[in-house]
Amino acid sequence: MNDECSTAATPAQSMARQPSRSASRPIARLLIAGLGSPHGDDQAGWAVVDRLRRWLPSGADARKVATPLDLVELLGRRQRLIVIDAAQLGEQPGALRHFRWPCTALAGSVEHGTHGLGLVEALRLAEALGWLPAEIDLYTVQAQDVSAGHGLSLAVRGRIEELADMILQSIRDISPTHADA
Amino acid sequence: MSDQTPDPPAAPGGEPQERTIHVGALARVEGEGALTIRLRDGKVEDVQLRIFEAPRFFEALLRGRRMEEAPDITARICGICPVAYQMSACHALERLAGVAVSGALRDLRRLLYCGEWIESHVLHIFLLHAPDFLGYESGIAMAQDRPDYAELVRNALQLKKAGNAIVSLLGGRAIHPINVRVGGFYRTPTRQELDPLAEQLKAVQDFARRAVAWTAGLDFPALEHDYEFVALRHETEYPMNEGRIVSSRGLDAAMDEFPRHFEEHQVPHSNALQCRRKGGGTYFVGPLARWNLNFDRASPSVRQLARETGIGWPCRNPYISIVVRALEVAYAVEEALRIIQRYKPPEQPAVPYERRAGQAAWITEAPRGILYHRYETDSGGLITQATIIPPTSQNQRQMEEDLARFAPSVLHLPEDEAAWECERVVRSYDPCISCATHFLKLNIETA
């Protein structure tokens with residue numbers, strides 16, 4: 001999965017975001033969306049949003065989203081989007097990945113999402129509608145089990161806090177000093 | 001998302017010629033399914049609509065659970081129509097407990113259902129079904145190709161968002177609503193909370209009404225059949241939560257008589273149980289059936305919209321379901337506004353009831369057609385038996401029969417076009433395959 005737009009997500013790399021691009025962005029235009037369902041590790045995106053909500057800077061919007069199409073409806077005039085989703089990338093359960101859109105690795109992927117319209121399709125739809133934010137980050141966590149009635153696996157549960165911290169760190173680069181500038 | 005098995009070479013000397021149309025993964029349907037049609041000498045030998053999404057154990061999962069848990073557990077069967085599952089479960093269990101919900105609580109449930117119909121139908125009309133008529137691979141391709149289609153999809157998403165807002169407010173959250181309970185709701189909204197919802201609905205009402213004419217202007221293939229349409233029918237209302245089971249061939253039965261007239265059976269090629277008329281006949285549920293059997297129950301303004309389409313009602317062409325979905329969206333927006341306008345918060349968010357041993361069934365009109373729930377409980381209110389029959393498993397056999405009739409007419413087409421045309425027939429039904437999956441019943445005998 002190593003290509004020009006995908007990296008194994010680590011705190012150091014997340015902190016190395018491009019501050020110059022971020023500095024003038026109003027934080028109120030940031031949407032953080034956890035994509036998921038109540039089934040097993042598919043809850044990972046929601047779990048990260050639950051954790052983030054307690055710590056978000058004012059003005060940032062964190063939402064649990066069930067389908068990528070629901071995400072499109074939320075985009076409106078956002079300038080930046082961060083999506084967290086469980087994924088099947090053939091890695092060790094709990095492995096974290098960070099993608100920046102547009103991304104050739106994702107664009108060419110065949111999606112078998114649990115949410116109907118896939119995330120890549122949803123982003124393409126948003127683009128066709130003129131709703132695509134200027135900057136999009138996608139964080140994935142390798143799922144182990146997405147069966148109905150199951151909770152998060154231990155492998156995924158163990159990465160939720162770390163992933164939330166990574167995202168918080170990445171948006172602290174633009175907040176609070178630069179917020180709504 | 002089609003893969004086709006190529007034609008066998010032409011057989012010399014007039015040998016019988018076989019051909020298979022195979023769609024490996026149905027696109028633009030909810031869930032995962034596949035389709036195989038086998039033909040010999042231009043005649044259909046076999047049609048198999050296969051449903052291979054992971055089996056669902058919901059009926060077994062419910063056994064031993066408290067009756068109060070049923071609405072939340074069954075809502076998880078489908079991400080598109082959780083309200084339908086909650087409504088059928090609540091009504092069945094209230095009937096079992098001997099109570100009925102009325103007044104503002106009843107209205108709020110109808111409002112919640114309006115929200116779900118709007119969400120589900122708008123998604124299907126503009127992103128899943130319209131590309132079939134306009135010759136695009138997807139709704140995205142449509143929006144990418146022409147600015148007017150992009151504008152159409154933007155408007156459609158605003159309309160769908162109004163449906164989401166209803167479900168979010170009354171359901172407690174946008175996804176997998178949790179505010180519905182046996183007896184009513186955990187919390188009912190204030191008057192002030194509904195006002196912004198009314199504004200949002202008013203803002204999309206004009207588009208909802210214009211969408212009817214837009215869908216009616218599409219080009220519909222000729223595919224008519226004398227179906228037996230089955231839906232609920234209420235004394236005065238367009239049916240959502242209440243009514244008797246009626247059909248276009250004269251069936252008129254109470255909800256709990258459903259098992260006397262319909263039966264489920266297992267077919268080897270699918271994880272979903274198929275439902276049929278007792279004695280083996282197929283039947284058709286969903287918006288087209290609902291409208292054909294109830295258009296006199298729609299509001300005058302929506303009936304007028306239907307007349308202006310120029311389509312003769314009742315209609316027996318399944319492709320025209322897209323127009324009916326648009327009519328039902330226009331109706332749901334109007335009905336939601338009517339309910340909000342007269343709303344006075346109820347004194348209690350739910351009616352009290354006593355747990356008791358018993359059994360009861362109920363049917364509501366999910367976006368895709370009638371959804372049957374039946375429960376048995378013990379004296380402590382624990383569920384001992386549950387049966388859930390979703391609309392897609394009732395339509396599955398009808399879809400296969402349609403394809404058997406339809407496939408010979410596309411034999412002259414190249415493989416990919418023939419497969420595409422067959423997929424179109426299936427998509428007319430808006431099948432929700434994730435709702436329809438059950439698991440094979442296993443009997444393990446030990447010595």
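1. The accessible surface of chain B comes to about 17300 Å², and carbon and sulfur atoms hold 49% of it. Such areas come from the Shrake-Rupley method with a 1.4 Å probe, and for residues only the protein chains shown count as cover. This is a predicted model: local features need pLDDT of at least 70, side-chain atom pairs count only at pLDDT 80 or more, and totals for chains, interfaces and linings use all residues. Side-chain values use heavy atoms, with hydrogens and water left out, while residues are numbered from 1 along each chain as its sequence is written, and chains are lettered from A and ligands numbered from 1 in the order in which they are written.

2. Let us stay with chain B for a moment. Of its 447 residues, 59% count as buried; buried means under 20% relative accessible area, exposed over 50%, and partly exposed in between (1.4 Å probe, protein chains only). Chain B has 14 helices and 13 strands. These are DSSP runs, numbered from the N terminus: helices are H or I with at least four residues, strands E with at least two. Among the contacts in chain B with a separation of 6 or more, 69% are between residues 24 or more positions apart; contact means heavy atoms within 4.5 Å.

3. Now for a helix pair in chain B. The axes of α4(B) (residues 103–134) and α7(B) (residues 191–216) come within 12 Å and cross at roughly 35°. Axes are lines fitted to C-alpha atoms, for helices over the stretch in contact, and angles run from 0 to 180 degrees between N-to-C directions. The contact includes B:Leu111, B:Ile118 and B:Phe126 from α4(B), and B:Leu201, B:Phe207 and B:Trp214 from α7(B). By class, this contact has 11 nonpolar, one polar and no charged residues. Ala, Val, Leu, Ile, Met, Phe, Trp, Tyr, Cys and Pro count as nonpolar, Asp, Glu, Lys and Arg as charged, and the others, Gly among them, as polar.

4. Is B:His129 buried or exposed? B:His129 lies in helix α4 of chain B, and it is buried, with a relative accessible area of 1%. Leaving aside residues up to four places away in sequence, B:His129 touches B:His124, B:Tyr319, B:Ile322, B:Arg325, B:Arg427 and B:Ser428.

5. In chain B, look too for an open sheet of three strands, in the order β6-β7-β8 with antiparallel pairing. Two strands pair if DSSP finds at least two bridges between them. The edge strands are β6(B) (230–233) and β8(B) (252–253), each pairing on one side only. Helix α9(B) (residues 287–294) packs on the sheet, touching β6(B) and β7(B).

6. Over in chain A, eight of the eight residues of strand β4(A) (residues 80–87) are buried, so this strand is largely enclosed by the rest of the structure. A:Arg80, A:Ile82, A:Ile84 and A:Ala86 point one way, and A:Leu81, A:Val83, A:Asp85 and A:Ala87 the other. Strand β2(A) (residues 30–35) runs parallel to β4(A), joined by six bridges, and β6(A) (residues 135–142) pairs with β4(A) in the parallel sense over eight bridges.

7. Helix α4(A) (residues 68–75) also has eight of its eight residues buried, so the helix is largely enclosed by the rest of the structure. What covers these residues includes β2, β3, β4 and α6 of chain A together with α4 and α6 of chain B. After α4(A) comes A:Gly76, whose phi is positive, near 45°.
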